[in-house]
Amino acid sequence: MKTAKEMYNYCNENGFGKGVSKSWALKHFSLIEKNLNVSEEILMVFCGLHNYISATKHDSTFGYAITNKRIVMAQKKIIGENFQSVSLSNLNDVTFSSGMLMGIITIDTFKEKFNVAVDKASGKNINNTIHDVLFSNDKKATQIDVGILKEYKELLDSNIITQEEFNIKKQQILNL
């Protein structure tokens, strides 16, 4: 997934954006698309109510993307936009709780917590997918390792580091 349309289709196919209109979801995802780094890969996306406290206290709908490097939160507004990201290295945990109608996904980082409200049924699936993507040790290590290796390869190709330095880092990253 690279484009806003691909992100929206993923959300729609998996039921990860119920209650969000297509036009607003595309606007939120366009903001994510615009802010992706070259070596960044989107692993999953969803939509929800950001900084949820109650039905009347929240920051409205945001688009969320989990990449191989960070969790991205974006909201396009009629006037202006909100964009925030958290490095995966600063992530403590992701938890899920549910009430009568809503599910709350809590993204816990070193500095702050983000509560994202989604419908209860979608919340369970979103939470499971987040955990599969982020906390499945084999997947997480492989995805992050590949991203880091790509960055070192770019440094090597730009003659910023030597082949020897690249080989040392490669061995460290792959635990060889």
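## The nonpolar core

A nonpolar core is a set of buried Ala, Val, Leu, Ile, Met, Phe, Trp, Tyr and Cys residues joined through side-chain atoms within 4.5 Å. Buried means under 20% relative accessible area, exposed means over 50%, and partly exposed lies in between, with a 1.4 Å probe and protein chains only. The structure is a predicted model, in which local features need pLDDT of at least 70 and side-chain atom pairs count only at pLDDT 80 or more, while totals for chains, interfaces and linings use all residues. Residues are numbered from 1 along each chain as its sequence is written, and side-chain values use heavy atoms, with hydrogens and water left out.

The largest nonpolar core has 39 residues, and those with the most contacts inside it are Phe 29, Met 44, Ile 130 and Leu 134. Strand β1 gives the most to this core, with six residues. Helices (H or I, at least four residues) and strands (E, at least two) are DSSP runs, numbered from the N terminus. Contact, here and below, means heavy atoms within 4.5 Å. With neighbours within four places in sequence left aside, Ile 130 is in contact with Met 44, Phe 46, Ile 66, Val 94, Ile 105 and Phe 135.

Helix α2 comprises residues 22–34, 13 residues in total, and reaches 18 Å from its first C-alpha to its last, close to the 18 Å expected at 1.5 Å a residue. The expected span of a helix is 1.5 Å times one less than its number of residues. The buried residues of α2 are Ala 25, His 28, Phe 29, Leu 31 and Ile 32. Seen down the axis of α2, these buried residues fall within an arc of 145 degrees, so they line one face of the helix. The arc is that of the directions from the helix axis to the C-beta atoms. The buried residues of α2 pack against α1 (4–14), β1, β2, β3 (70–76) and β4 (81–87).

Helix α3 (residues 120–135) has 16 residues, which should span 22 Å at 1.5 Å a residue; its end C-alpha atoms are 22 Å apart, in agreement with that value. Its buried residues are Ser 122, Gly 123, Ile 126, Asn 127, Thr 129, Ile 130, Val 133 and Leu 134. They fall within an arc of 170 degrees when α3 is seen down its axis, and therefore line one face of the helix. An α-helix has 3.6 residues a turn, so residues three or four places apart point the same way. Ala 121 also belongs to helix α3, but is partly exposed, with a relative accessible area of 49%. Ala 121 and Val 20 are 101 residues apart in sequence and 15 Å apart in space, C-alpha to C-alpha.

A search of the whole structure finds three aromatic pairs. The rings of Phe 46 and Tyr 64 have their centres 4.8 Å apart and their planes at 10 degrees, so this pair is stacked. Phe 46 lies in strand β1 and Tyr 64 in strand β2, so the pair ties together parts that are 18 residues apart in sequence. Rings of Phe, Tyr and Trp (its six-membered ring) pair if their centres lie within 6.5 Å; planes under 30 degrees apart count as stacked, over 60 as edge-to-face and the rest as tilted. Both Phe 46 and Tyr 64 are buried, and ring pairs link Phe 46, Phe 62 and Tyr 64 into a cluster.

Val 116, in strand β7 (residues 113–119), is buried, with a relative accessible area of 0%. Not counting residues up to four places away in sequence, Val 116 touches Phe 46, Gly 48, Leu 49, Tyr 64, Gly 103, Ile 104, Ile 105 and Ile 107. Val 116 and Phe 62 are 54 residues apart in sequence and 8.9 Å apart in space, C-alpha to C-alpha.

## Loop residues

His 50 is found in the loop between β1 and β2 and is buried, with a relative accessible area of 2%. Leaving aside neighbours within four places in sequence, its contacts include His 58, Asp 59, Tyr 64, Gln 84 and Asn 115. The side chain of His 50 makes a polar contact with the side chain of Asn 51 (3.4 Å). A polar contact is a pair of N or O atoms within 3.5 Å; within protein, one must be able to donate a hydrogen and the other to accept it, and residues adjacent in sequence count only if both atoms are side-chain atoms.

Asn 51 is found in the loop between β1 (42–49) and β2 (61–67) and is partly exposed, with a relative accessible area of 27%. Its phi is near 50 degrees, a positive value in a residue other than glycine. Asn 159, in the loop between α4 (137–157) and α5 (163–174), has a positive phi near 60 degrees and is exposed, with a relative accessible area of 68%. Most residues other than glycine have a negative phi.
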